[in-house]
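Hi,

Here is the structure I promised to pass on.

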Amino acid sequence: MKKAVIVLVVLAVVAAGAGWFLSAPTKLSEAQLAAIAEGDASQGELVFWAGGCTSCHAAKDAAGDDKLKLGGGLRLETPFGVFVAPNISSSTADGIGAWSLADFANAMTHGTSPDGQNYYPAFPYTSYARMSGEDIGNLFAFMKTLPSVNGKTPPHELGFPFNIRRGLGLWKRLFLDPSPVIAAPSSGNEVDAALWDRGRYLVEGPGHCGECHTARNLAGGLDLAKWLGGAPAPTGEGRIPDITPVDGGFGSWSASDIAYYLESGFTPEYDSVGGEMVHVQENMAKLPASDREAIAAYLKAIPPVAPTAN
């Protein structure tokens, strides 16, 4: 009996050690960081709008230049608790003004804070991890030009065990994958390969469309088999629509319809954009027309998700 207890204790210690090791926050290697240079702020502005930073980090109902004041505070209610968007303005005291490019790149691609903590995936680094080093450098350059906003936001409101950040390291090992979600169409497919590839990059990367339009499993990870097939709204009220090319509904829209919707906010039925999509559409309208066309090309060529599979 005594030997059995000792064995169990040893196994528990080994398991705890393995869990501690596997849950450690990760960062980019020195070689990876060396390949990322601070870039062009004007190009970074396009990345900023594609990424929708203002939708979560600006004040509610902000308009005009106030959209560039990223003091945070938005409350996102989820089954895991309430997440509060932080201050990501250029404030050195309360925002990210004191961050280095390495700090920013590690946050964007690995969900790791400058002080070595795991970020919660309410910050969609699982999508941003697919961004290029060039875009990360450009975005950082633009972020440094934005106004400083004073004031720290309240902490997240999370109960046990979700308030233990270390455990997110294990979650990342399961769900943080920088590889593309959807394989490129075959060479015989009548799709402009370069346009489609750009669309995939925007949707799967900075645009992080899958974070809302894809169903999640019990652990909060995206169910990639249902990619963009619609999901319950994070607030628990209503449903975010399927934007795959299923018969009827969104699937009946042409690529031109989709591109025009992202530019103007008007659907083919002459309805107007509503809900949280208002902010997304306003951001997408600031991108070049070619980017909206690329997003439309991607959405028209991805596998449909049958309604019964949601």
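Let's start with helix H13, residues 289-301. Helices here are DSSP runs of H or I with at least four residues, strands are E runs of at least two, and both are numbered from the N terminus. At 1.5 Å a residue, the 13 residues of H13 should span 18 Å, and the end C-alpha atoms are 19 Å apart, so the two agree. That expected span is 1.5 Å times one less than the number of residues.

Before going further, a word on where this comes from. It is a predicted model, so local features need pLDDT of at least 70 and side-chain atom pairs count only at pLDDT 80 or more, while totals for chains, interfaces and linings use all residues. Residues are numbered from 1 along each chain as its sequence is written, and side-chain values use heavy atoms, with hydrogens and water left out.

Back to H13: its buried residues are Asp291, Arg292, Ala294, Ile295, Ala296, Ala297, Tyr298 and Leu299. (Buried means under 20% relative accessible area, exposed over 50%, and partly exposed in between, with a 1.4 Å probe and protein chains only.) What do they pack against? The buried residues of H13 pack against helix H9 (193-204), helix H11 (255-264) and helix H12 (277-284).

Next, the sheet. Three strands form an open sheet in the order S1-S2-S3, with antiparallel pairing. The edge strands, S1 (75-78) and S3 (157-158), each pair on one side only. Two strands count as paired if DSSP finds at least two bridges between them; S1 and S2 (residues 81-84) are joined by four. Along that pairing, Leu76 stands opposite Phe83 in S2.

You'll find Ala141 in helix H7 (residues 133-143), and it is buried, with a relative accessible area of 9%. Leaving aside neighbours within four places in sequence, Ala141 is in contact (heavy atoms within 4.5 Å) with Glu38, Gly39, Asp40 and Ala41. Glu45 is 96 residues away from Ala141 along the chain, yet their C-alpha atoms are separated by 8.9 Å.

- Phe160 and Pro161 are joined by a cis peptide bond, with omega about 0°; Pro161 lies in the loop between S3 and helix H8 (168-175).
- Asp61 is not a glycine but has a positive phi, near 65°. Asp61 sits in the loop between helix H4 (53-57) and S1 and is exposed, with a relative accessible area of 65%.
- Tyr270 also has a positive phi, about 65°, without being a glycine. Tyr270 is in the loop between H11 and H12 and is exposed at 76% relative accessible area.

Now the whole chain. The protein has 13 helices and five strands, and buried residues make up 41% of its 310 residues. A compact globule with 310 residues would have a radius of gyration near 19 Å, and the protein has 21 Å, which agrees. (The radius is taken over C-alpha atoms, and the globule rule is 2.2 Å times the number of residues to the power 0.38.) Along its principal axes, the C-alpha trace spans about 75 × 45 × 40 Å.

Finally, an unreviewed UniProt entry lists "domain: Cytochrome c" for residues 39-147 and 194-303. Over residues 39-147, the chain is 38% helix and 7% strand. UniProt positions follow the numbering used here, feature names are shortened, and annotations may be inferred rather than shown by experiment.

Cheers
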